Amino acid sequence: MKLYVILSFNEEEMENVYVGEDEEKALALKTEDFDNCAALFVEVWEDGEKIDDYRLV
């Protein structure tokens, strides 16, 4: 089972904005969906280990 963690970054802080198993929902998020968001990053976890991370466009 994969778990998708979406992190929102701005100049001052980082915030988890989504944590869940729904890949389609996680990857559909955009910076415009959140107030004061400069960038979104994805962490993919499987069996308690991070297996991938990247920036969402």
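# Reading a predicted β-β-α-β-β fold

Guide: Glu21 is exposed, with a relative accessible area of 52%, where exposed means over 50%, buried under 20% and partly exposed in between, computed with a 1.4 Å probe on protein chains only. This is a predicted model, in which local features need pLDDT of at least 70 and side-chain atom pairs count only at pLDDT 80 or more, while totals for chains, interfaces and linings use all residues. Residues are numbered from 1 along each chain as its sequence is written, and side-chain values use heavy atoms, with hydrogens and water left out.

Visitor: Where is Glu21 placed, and which residues does Glu21 touch?

Guide: Glu21 sits in the loop between β2 (14–20) and α1, and, not counting residues up to four places away in sequence, Glu21 touches Met1, Lys2, Leu3 and Tyr4. Contact here means heavy atoms within 4.5 Å. A C-alpha distance is a separate kind of value: Glu21 and Glu46 are 25 residues apart in sequence and 10 Å apart in space.

Visitor: How many helices and strands does the protein have, and what pattern do they follow?

Guide: Elements of this kind are DSSP runs numbered from the N terminus, with helices being H or I of at least four residues and strands being E of at least two. The protein has 1 helix and 4 strands, and along the sequence they follow the pattern β-β-α-β-β. Its radius of gyration is 11 Å, close to the 10 Å that the globule rule gives for 57 residues, so the protein is as compact as a globular protein of that length; the radius is taken over C-alpha atoms, and the rule is 2.2 Å times the number of residues to the power 0.38. Along its principal axes the C-alpha trace spans about 30 × 20 × 15 Å.

Visitor: What share of the contacts in the protein is between residues 24 or more positions apart?

Guide: Among contacts with a separation of 6 or more, residues 24 or more positions apart account for 39%. An individual pair in the structure can be read beside that total: Leu40 and Leu7 are 33 residues apart in sequence but 5.5 Å apart in space, C-alpha to C-alpha. Ala26 and Glu11, by contrast, are 15 residues apart in sequence and 22 Å apart in space, again from C-alpha to C-alpha.

Visitor: Which residues make up the largest nonpolar core?

Guide: In soluble globular proteins, nonpolar side chains tend to be buried together. A nonpolar core is a set of buried Ala, Val, Leu, Ile, Met, Phe, Trp, Tyr and Cys residues joined through side-chain atoms within 4.5 Å. In this structure the largest one has 10 residues, namely Tyr4, Ile6, Tyr18, Ala26, Leu29, Cys37, Leu40, Val42, Val44 and Leu56. At least two residues of this core come from each of β1 (2–9) and β3 (39–46), and the largest share, 3 residues, comes from β3.

Visitor: Which residues other than glycine have a positive phi, and where are they found?

Guide: Asn36 is one of them, with phi near 55°, and lies in the loop between α1 (23–28) and β3. Asp47 has a positive phi of about 55° although it is not a glycine, and is found in the loop between β3 and β4 (49–56). Asn36 counts as exposed at 61% relative accessibility, and Asp47 counts as exposed at 71%.
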